[in-house]
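Hi,

Here is the structure I promised to pass on.

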Amino acid sequence: MNLTLKIWRQKDAKSQGKFEEYKVQNISPDSSFLEMLDILNNDLIMSGKEPIAFDHDCREGICGMCSLHINGHAHGPDSEITTCQLHMRKFKDGDTITIEPWRSAAFPVIKDLVVDRSAYDKILQAGGFISVNTGGVPDANAIPIPKADADESMDAAACIGCGACAATCKNGSAMLFVAARVSSLAKLPQGKVEGARRAKAMVAKMDELGFGNCTNTGACEAECPKAIPSRTSPASTASSSTLSSRTKSRTLTQTTEPRFLGSVVYIDN
Amino acid sequence: MSNIFTSSIGKKLIMSISGCFLVLFLAFHMCMNLALVFSPEAYNAICEFLGANWYALVGTAILAAGVLVHFVYAFILTIQNRKARGNIRYAVTAKEEGVSWASKNMLVLGIIVILGLLVHLKDFWAQMQLVEILGHHTNSYGLTPTDGAGATLEVFGNPIYCVVYIVWLAALWFHLTHGVWSMLHTMGFNSKLWMKRVKCIANIVATLVVAGFMLVVVVCCLRANGIIG
Ligand code: HEM
Ligand code: SF4
Ligand code: FES
């Protein structure tokens, strides 16, 4: 395949970037998108030019490092995959492909196609964990967990923190990511205990870092490589979670099906 | 930390509660208007009952506050969200699967709704309740301010007004197809099953409300021009 690539080049965080055009030739339809970029980079290095910086690590869809907005889609024109799982057979010979970095105020470009996604790490640090006392490893089966809850938790835990949700959202909202992390923990008895505190802290951090406000467009879900459902979103962020009073939070976490309690009010007390 | 007025989830809740209130008002208003289709006398009885009585004035004030809250937060949200997208826009964008056009254009649709509302207030509120508040006995149509049926004939006798109202209602339909769904989603009807139901409910609510209003516009237009009795 012969292709024309329009790629965002930007020297560093401070410089102004611009699109540059590159031609690649004899690309196998079976090569992956990132391999295609490797080939281009090889050519660039051979001809003494600066290679294109892009993020990647596992190249098997589990680490969440690869990003790229390809022809208008986060992770390219295929569903439920990451950029590293995208193959050139999804394109046609002679195509022009536009490759851009994530665009979101909270994900500033560092160089070329690489953006700083540490905002997601900061959200996790604010509460995306379970506090446990160190000691012997508890027996995995000591706490019975209903299959349905375990499934929902695992589905939400599939989030790889890639940032596609905020990068796609017209509101620049990180709600899907936060909801996924909040629900995956809150669905399990071990995580439920700190559910309200966790959700409050993570939402507050998300707002503080300059992500936008969710208006339920559902674009995040459509572009998420792990198909995290947007129904995970605001309401369940709230679900275990964001409440007007301590009493309510107690009843919520103990007795109710969280998702019906929906989104939210949370006021500092 | 944050609270209901400033946090992203709090603002979402404010949008949904104010939106819900507006939808309930519209449903009530539409039902009243339907009376006009069946009996102008019945409609005028309703107008007389409401008029500028204290309960109608209280209702109007609460309603105005609801519109204001929804409007102000819509702007705050949209401005903050544009900022969150960053300074540089994507050069290429594509439609994400299953994402409705309305959901991405709520502010624009809302602005059309407000503009239509201003026309509507000028046509009716300023000729009815306001005239009563000011203590006058006739409006600029030469009618008593509680003659709602007469006022509709004045306004909708003009086909241009009918077209303006229909465009206005169409924008409202789009706003509500996403709005009602989003509102229920925000309020927590988002289990696997309810997500589907809620989409359907939103389309039904939007269609019923808008169709009810449109019917009245069309019937008044035909009556005023002597096409039907
Ligand atoms: C009678 C008039 C109106 C009704 C019945 C109505 C109803 C609604 C509803 C139910 C929602 C969904 C709330 C949610 O997402 O939870 C909504 C959202 C929205 N409305 Fe309205 N609205 C009206 C007028 C307006 C006006 C005048 C504007 C602004 C100029 C506006 C702007 C918005 C925006 C930007 C949203 C999206 C925010 C969001 O989805 O969270 N609306 N509206
Ligand atoms: S929710 Fe989906 S799109 Fe968002 S960070 Fe997680 S995996 Fe990526
Ligand atoms: S490189 Fe790890 S998910 Fe793509």
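Which helices each supply at least two residues of the lining of the second largest pocket? They are helix H8 (219-223) of chain A, plus helix H4 (101-104), helix H8 (159-187) and helix H9 (192-224) of chain B. Helices here are DSSP runs of H or I of at least four residues, numbered from the N terminus.

Before the rest, some housekeeping. This is a predicted model, where local features need pLDDT of at least 70 and side-chain atom pairs count only at pLDDT 80 or more, while totals for chains, interfaces and linings use all residues. Residues are numbered from 1 along each chain as its sequence is written, chains are lettered from A and ligands numbered from 1 in the order in which they are written, and side-chain values use heavy atoms, with hydrogens and water left out.

Back to that pocket. On a 1 Å grid over the protein atoms alone, a pocket is an open set of points with protein on both sides within 12 Å along at least five of seven lines, a cavity is a set where a 1.4 Å probe fits but cannot get out, and lining residues have an atom within 4 Å of a point. Grid points are joined across faces, edges and corners, and a volume is the space filled by probe spheres set on the points. The second largest pocket holds about 610 Å³. Its lining has 26 residues, and A:Glu221, A:Ser230, B:Gly98, B:Met195 and B:Lys199 lie nearest the centre. H9(B) gives the largest share, five residues. By type, the lining has eight nonpolar, 11 polar and seven charged residues (Ala, Val, Leu, Ile, Met, Phe, Trp, Tyr, Cys and Pro count as nonpolar, Asp, Glu, Lys and Arg as charged, and the others, Gly among them, as polar).

H5(A) gives the most here, three residues, and the lining as a whole is 11 nonpolar, two polar and one charged.

On to the chain interface. Chains A and B bury about 3,900 Å² between them, 58% of it on carbon and sulfur atoms (buried area is the accessible area, 1.4 Å probe, that two parts lose on being put together, summed over both). A:Asn213, A:Asn216 and A:Arg231 supply 18% of what chain A buries against chain B, more than any other three residues. The contact (heavy atoms within 4.5 Å) takes 56 residues from chain A and 43 from chain B. The salt bridge count between the chains is zero, a salt bridge being a side-chain nitrogen of Lys or Arg within 4 Å of a carboxyl oxygen of Asp or Glu.

Finally, chain A divides into domain 1 (3-111) and domain 2 (117-267), with bounds from an automatic or database domain assignment. These two domains of chain A bury about 1,400 Å² between them. A:Glu80, A:Ala106 and A:Phe107 supply 34% of the area that domain 1 buries against domain 2 in chain A.

Cheers
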